[in-house]
Protein chains: 2
Amino acid sequence: MSGATPDVSVNFDLDAIVAPAAPVEKYIEVFLNERPLPANLREAIRYAVFGPGKRLRPILVVRACEAVGGAPEAAHAPAAAIELIHCFSLVHDDLPAMDDDDLRRGRPTLHRHTNEAMAILAGDAMMGLAFELIATRIKDAKLVGQVSRELAEGTNDMIAGQVYDTLPDFPAHTQPIEKLRTIHRNKTGALIRIACRMGALCGGASDPQLRAITDYAEAIGLMFQVVDDLLDVTQTTEHLGKAANKDADKGKLTYPGLIGIDRTRQEIERLRRESHAALDKLGPRAEPLRTLCDYMAVRSK
Amino acid sequence: MSGATPDVSVNFDLDAIVAPAAPVEKYIEVFLNERPLPANLREAIRYAVFGPGKRLRPILVVRACEAVGGAPEAAHAPAAAIELIHCFSLVHDDLPAMDDDDLRRGRPTLHRHTNEAMAILAGDAMMGLAFELIATRIKDAKLVGQVSRELAEGTNDMIAGQVYDTLPDFPAHTQPIEKLRTIHRNKTGALIRIACRMGALCGGASDPQLRAITDYAEAIGLMFQVVDDLLDVTQTTEHLGKAANKDADKGKLTYPGLIGIDRTRQEIERLRRESHAALDKLGPRAEPLRTLCDYMAVRSK
């Protein structure tokens, strides 16, 4: 299957770039073992968190921390927290009243593996534990306040994005492209934005560094979702052997559906360059973020 | 209907004691109006929060703040936050996969008023907004860290209590009374504990003051639930016109079921005295907390 933008030539060692995922997973495991919890709740959370996953958000937290000169360990608490938030959102999205999914990445979803009540409660607990982790594991009081603000705002924007997407209630006369941007900016963009910002804050970013990281994050956050839209279309096309626009036929807004495939590819390339330009201000320590961006631009799944 | 402990004679002006509820409700309303949210999500949250409610937890926050010498306004952010958490827990508890309740306090539950997906997402958002409120509205950085830690730990203990209660998974050989205490301490006690502690922290409590408030909170937190157990039995008895133990027959652990009605009444009185003793260290400013305790001991619903 071809990538989203096969015309962009990129070389990267992805294994090296994603290496920070392993210590963050270990950090979550230790935290969950130390925190007193009912045994079945702990098992449900472990099941939801330790399934296969790209760990994109925690990797961004660590890499953003390093990009401004911080040590990776300084980013482990917010990296663990954002993965808990991401996994909580997947558990609740999969529920019968939401997307009603039986499988996620080849395994039964949590409510199929356990039951619906446990999936609701485990999701709730994962969100709460993310905030507890920030409040108990970060030692600098001012930083706790800054990071928990980012985490709260990003989480709530993500939930708002889910509402915009599945239970749309836009003001009358909102243009389709504006609806789509609102959905993307909140549903996917918010967590990517705060992943980078929390990492930068924990790395002791200066104001200009934080601004650069934020610009980078907003560009890749939108790009991530535009690529997703494009992959939906190309995957559908290849899978069904017929023209795209399946999502558009279902009334679902997508970039290819609204502006066509060619302009969607141009938009991805524009956002890729925008994110690179933001990183130029940070010097060579930001190289892994650049590689991550390029990977996200050409990914095929 | 008779109260739980009709032999205790108490005089109090409840209207005066619960007066702090109104400004906290107003505070939540302003916060919800200012926070950008999808219109239907905002309406769902408003429906869930602004239904009839005792507002016990926010009142405890404000009264605990005053008891250590703080101004009531200093407690409004955590008071609003804990009410959002409490209401989120009710919304999720009412879901079909949980208690499957159609009515709460005479009105359709949120998932009946809107739909299940919205009830799940609105509950999620209410939890997240509680943390956002603490992180954005409290100005002192150290206090943000302390209060968000309390809020997170209390919320997670409450969720753990819900799991212990509805999906019990205790270690083998755990005694019934120990199971019951674990459920009560977490499910109801945790939020009452942090209500009082957050209020005291925002009021600038000294360590001995915080200790006294914590002792008070733990006593009334357990008492609140023991009274609930007793009311379940007495209400059931009166309603059905037959002997109690309906909950016990269903396998549900309760204090009257485990130790009998007389010893349950004695336990309530013991906890009432314990909470009063804790308040003795705080002087006359703690009088409203004493009155609240007495009200909770004799309440009939």
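How many residues of chain B are in contact with chain A, and with how many residues of chain A? In this predicted model, 44 residues of chain B contact 44 residues of chain A. The two chains bury about 3700 Å² between them, and 70% of this area is on carbon and sulfur atoms. L121(B), N156(B) and L167(B) supply 14% of the area that chain B buries against chain A, more than any other three residues.

Polar interactions also cross the interface of chain B and chain A, with 2 salt bridges and 16 residue pairs in polar contact. A salt bridge links the side chains of D157(A) and R35(B), at 2.9 Å from N to O. On the side of chain B that touches chain A, two or more residues come from each of α3 (39-49), α5 (76-93), α7 and α8 (141-166) of chain B. The largest share, 16 residues, is given by α8(B).

Over all chains, 3 aromatic pairs are counted. The pair of F131(A) and F131(B) is stacked, because the ring centres lie 4.3 Å apart and the planes are at 5 degrees. F131(A) belongs to helix α7 (residues 116-137) of chain A and F131(B) to helix α7 (residues 116-137) of chain B, so this pair joins two chains. F131(A) is buried, at a relative accessible area of 2%, and F131(B) is buried at 2% relative accessibility. Within chain B, Y164(B) and F170(B) form a stacked pair, with 4.9 Å centre to centre and 15 degrees between the planes; both residues are buried.

Charged groups also sit over aromatic rings in chain B. The charged end of R107(B) is placed over the ring of Y47(B), 4.0 Å from its centre, and that of R299(B) over the ring of F224(B), 4.2 Å from its centre.

Terms used:
Residues numbered from 1 in each chain as written. Chains lettered and ligands numbered in written order. Predicted model: local features only at pLDDT ≥ 70, side-chain atom pairs only at ≥ 80, totals over all residues. Heavy atoms only, no water. Phe/Tyr/Trp six-rings, centres within 6.5 Å; stacked < 30°, edge-to-face > 60°. Helix = DSSP H or I, 4+ residues; strand = E, 2+ residues; numbered from the N terminus. Buried < 20%, exposed > 50% of the residue type's maximum accessible area, 1.4 Å probe, protein only. Lys NZ or Arg CZ within 6 Å of the ring centre and 35° of its normal. Contact = heavy atoms within 4.5 Å. Buried area = accessible area lost by both parts, 1.4 Å probe. Salt bridge = Lys/Arg side-chain N within 4 Å of Asp/Glu carboxyl O. Polar contact = N/O pair within 3.5 Å; in protein donor to acceptor, adjacent residues only side chain to side chain.
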